[in-house]
Amino acid sequence: MEENRVKGKIAFISGASSGIGKATAEKLAQMGVNLILCARRENILNELKENLEKQYGIKVITLVFDVRNYNDVLKNINSLDDEWKKIDILVNNAGLAVGLEKIYQYDMEDVDRMVDTNIKGFTYIANTILPLMIATDKVCTVVNIGSVAGEIAYPNGSIYCATKFAVKAISDAMRSELIDKKIKVTNIKPGLVDTEFSLIRFKGDKTKADNVYKGIEPLYAEDIADTIAYVVNLPDKIQITDLTVTPLHQANGIHIYRES
């Protein structure tokens with residue numbers, strides 16, 4: 001078994017109540033990492049906190065807010081006491097896709113929701129937490145959750161793809177801006193991952209959501225959590241800048257082989 005370098009560290013995970021965020025919380029808890037979990041669904045966060053503390057003997061703090069509200073982001077993160085502000089790992093994960101339409105058919109509410117969460121919310125979190133990480137003067141890791149949609153734009157996904165292209169651009173710029181600091185920045189870009197993602201995209205239509213994964217064995221949230229755990233557990237001198245993770249039969253955001 002490889003060395004555990006993260007035990008006792010503090011990780012901040014946004015979008016922690018489901019999918020990749022929740023699976024990452026579980027994986028890091030297993031490795032002895034203390035967690036700050038943020039999401040909008042308080043009951044799920046509380047249940048997760050209780051389970052993880054009981055099962056792994058770690059400490060968990062929950063923050064209930066919407067990343068789209070900058071004042072709430074600021075207020076909640078600033079409410080942490082000094083010890084909890086010494087964040088070693090940031091998993092900037094909160095994000096979503098809504099709708100699958102042509103650009104001229106999009107509902108502007110859906111557009112706002114994606115841009116406000118995936119770009120602005122993502123930026124609010126990074127902007128607030130990076131100064132805390134710099135202040136620790138320790139080697140820290142930022143993991144930004146991008147997507148294969150941030151490599152190649154696909155039809156009917158213009159806005160979502162644009163937001164994930166933005167995550168790549170911000171990650172690349174962030175890495176350059178932090179080059180003289182002790183902070184690593186990794187952009188992890190998953191392909192097809194079977195989570196609530198498609199259910200949200202199709203506004204609760206389970207048949208449409210299930211069709212996304214038809215004929216292919218997708219990845220699961222745990223697979224991406226394992227990847228994140230690998231990245232944050234690397235020796236201090238190693239930085240992975242960009243990492244794309246897809247199922248066996250997916251080449252990129254467009255090319256997928258499905259068995260009939």
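Predicted model: local features only at pLDDT ≥ 70, side-chain atom pairs only at ≥ 80, totals over all residues.
Local features were taken at pLDDT of at least 70 and side-chain atom pairs at pLDDT 80 or more, while totals for chains, interfaces and linings use all residues. Residues are numbered from 1 along each chain as its sequence is written, and side-chain values use heavy atoms, without hydrogens and water.

Helices (DSSP runs of H or I, at least four residues) and strands (E, at least two) are numbered from the N terminus. Helix 1 covers residues 19-30. Its 12 residues reach 17 Å from first to last C-alpha, close to the 16 Å expected at 1.5 Å a residue. The expected span is 1.5 Å times one less than the number of residues. Just after helix 1, Gly32 adopts a positive phi of about 85 degrees.

The buried residues of helix 1 are Ile20, Gly21, Ala23, Thr24, Ala25, Leu28 and Ala29. Buried means under 20% relative accessible area, exposed over 50%, and partly exposed in between (1.4 Å probe, protein chains only). These buried residues pack against strand 1 (10-14), strand 2 (34-39), helix 2 (42-56), strand 4 (89-92), strand 6 (183-190) and helix 8 (221-232). Contact means heavy atoms within 4.5 Å.

Helix 1 packs on helix 8 at about 55 degrees, with the axes 8 Å apart. Axes are lines fitted to C-alpha atoms, for helices over the stretch in contact, and angles run from 0 to 180 degrees between N-to-C directions. Angles under 35 degrees count as roughly parallel, over 145 as roughly antiparallel, 65 to 115 as roughly perpendicular, and the rest as oblique. On the helix 1 side, the contact includes Ile20, Ala23, Thr24 and Leu28. Their partners in helix 8 include Ile224, Ala225, Ile228 and Val232. The contact residues divide into 9 nonpolar, 2 polar and 3 charged.

The axes of helix 3 (residues 70-78) and helix 4 (residues 108-136) come within 9 Å and cross at roughly 25 degrees. Helix 3 and helix 4 are therefore roughly parallel. Tyr70, Val73, Leu74 and Ile77 in helix 3 meet Tyr124, Ile125, Asn127, Thr128, Ile129 and Leu132 in helix 4. This contact has 8 nonpolar residues, 2 polar and no charged.

Ser171 lies in helix 5 (residues 158-177). Ser171 is buried, with a relative accessible area of 0%. Beyond residues up to four places away in sequence, Ser171 touches Asn144, Val185 and Asn187.

Notes:
Nonpolar A, V, L, I, M, F, W, Y, C, P; charged D, E, K, R; others polar.
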